[in-house]
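Hi,

Here is the structure I promised to pass on. Have a look, and my notes follow below.

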Amino acid sequence: LALSETDCDKFRAILGEKHVLCDADSLATYAVDETHAQSAEPDLVLKPASVNEISSILSHCNKMEIPVVPRGGGSGVSGGALAHRGGVVLCLERLNRIIRVDHDNQTLTVETGAITGMVQEHLVAQGLCLPPDPGSREFCQIGGNLAECAAGPKSVKYGAFRDYVLNLEVVLPSGEIIWTGANVRKMACGYNLTQLMLGSEGTLGIITKAVFKVIRAPSHQVLMRLSFNSLAAAAQMITRTFAVGLVPSELEFVDAHGIAAARPNCQEKLPDQVAALLWIGFDGHDEEVLTEDAVKISDLADELGSSEALIAEQIDHRIALWEYRQKVGEAIIEAGAFRDVDVSFPRSQLQTVVEGARRIGAEKGFRVVCFGHSGDGNLHIQILRGDLDEAAWNGPVNDGIRELYELVVGLGGALSGEHGIGCTLTPYMDTLFSATHLALMAGIKAVFDPKGILNPGKILP
Ligand SMILES: Cc1cc2nc3c(=O)[nH]c(=O)nc-3n(C[C@H](O)[C@H](O)[C@H](O)COP(=O)(O)OP(=O)(O)OC[C@H]3O[C@@H](n4cnc5c(N)ncnc54)[C@H](O)[C@@H]3O)c2cc1C
């Protein structure tokens, strides 16, 4: 698709010359997100500053059938913000105001182009908190979090972004502006349009404002790191933690391959025999309770044969203890091309999933690293390309990914826990959903976006 000069003039009239970009550098910048080995150049990049500007852009694009790809921070890892069918990339970065913190009702109203970490800092300074904490929070945006149904380590206790949303302002493909619900904690009024927008990955509407419920920020935190020389013992530790009634604020995991990958980048050199690391955190307002919880974890870890249990209370010590969890992602990116398989499953199945991924990898000729939010049963299985040639990378690796999804779905799991479907997972949607499910989803898409202009080619095969 090449846009006409009339289209470009129309966009310039709406936004001003400066916010309509078509130079080679800008198109290249917006051709990629954090989905490695994928790129797609848009025809134009638009940077609106208001909901009315977005409305005018969409009504023109709808009339002219120009594809529109909304873009937040570009930190997505399933290719959601890539313009595979050309058209315009609509950047939300200038819609970044924190509109209101309502202390009486404990709510936050914010424009969705705001950087997530900045919103969180703003709240914490007022003693409040929006708990989901994606690892990308320094550069992802609230709108991207909502569109992807994002989460983070703290979701094991507090839930994902979706659990805090009360109401959304959305621009529909027609250009119409709606609020999806009301600013209330309870609402029983027909179909839930608010929740329908969450995880819709920019295919149903542009989310321009969000109203969240927020909570009082916890005043104390402790973090423990447990080492295990057996994967089975680490997996048991996870289920036992919940079984004894503890409520961790984090429960994270890195497997032996992840430890080996991160080790060169870490100051601490863990011994080779460590088969799994777990991080278990607690937060709250009563220091004594947290200490008691940590003692219980220590006792459980001893019982299950943990080789080391460390505890950190002060922030600098917590950061040091988090080192391997922090560095594993960076090490994978440095190692070259990889595919992200973000599976979600009942958390008692961790060992089956990790061993299954290794077996499938051995059969198909690829290496896997497993890490992630094990308290939620959400693992990021990273398939490393290493020296695989193009034929292997696109053949047996794809077959292996399908087998992996079949394994997880067979355990009662799902394709993605938090990274979304984008364009990378569409070929695998049939492992989870029947033709009936997919037809219902296609019907919903057609109601919102009859001309199919919003983020075409995403989510649905
Ligand atoms: C280092 C790193 C760590 C990460 N850690 C986590 C983690 O802990 N948890 C987690 O869940 N994810 C994580 N991610 C993935 C990613 O950060 C999330 O998916 C994030 O929510 C994407 O937000 P974004 O603003 O960057 O969105 P983008 O990448 O810009 O867009 C993502 C999707 O949302 C759509 N979109 C964006 N804004 C809007 C809007 N306003 N209205 C409608 N649609 C919109 C886009 O069209 C696209 O489909 C991580 C990624 C990286 C690179």
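Y191, L193, L196 and I444 together make a nonpolar surface patch of about 400 Å². Patch members have over 30% relative accessible area and no salt bridge (a Lys or Arg side-chain nitrogen within 4 Å of an Asp or Glu carboxyl oxygen), and nonpolar side chains (Val, Leu, Ile, Met, Phe, Trp, Tyr) are joined within 5 Å, like charges within 9 Å. Areas are Shrake-Rupley values with a 1.4 Å probe, and for residues only the protein chains shown count as cover. Y191 sits in the loop between β9 (177-179) and α7 (193-197); helices (H or I, at least four residues) and strands (E, at least two) are DSSP runs numbered from the N terminus.

This is a predicted model, so local features need pLDDT of at least 70 and side-chain atom pairs 80 or more, while totals for chains, interfaces and linings use all residues. Residues are numbered from 1 along each chain as its sequence is written, and side-chain values use heavy atoms, without hydrogens or water.

I215 is in strand β11 (residues 215-216). Leaving out residues up to four places away in sequence, I215 touches G127, L128, C129, P131, Y158 and Y164 (contact: heavy atoms within 4.5 Å).

Cheers
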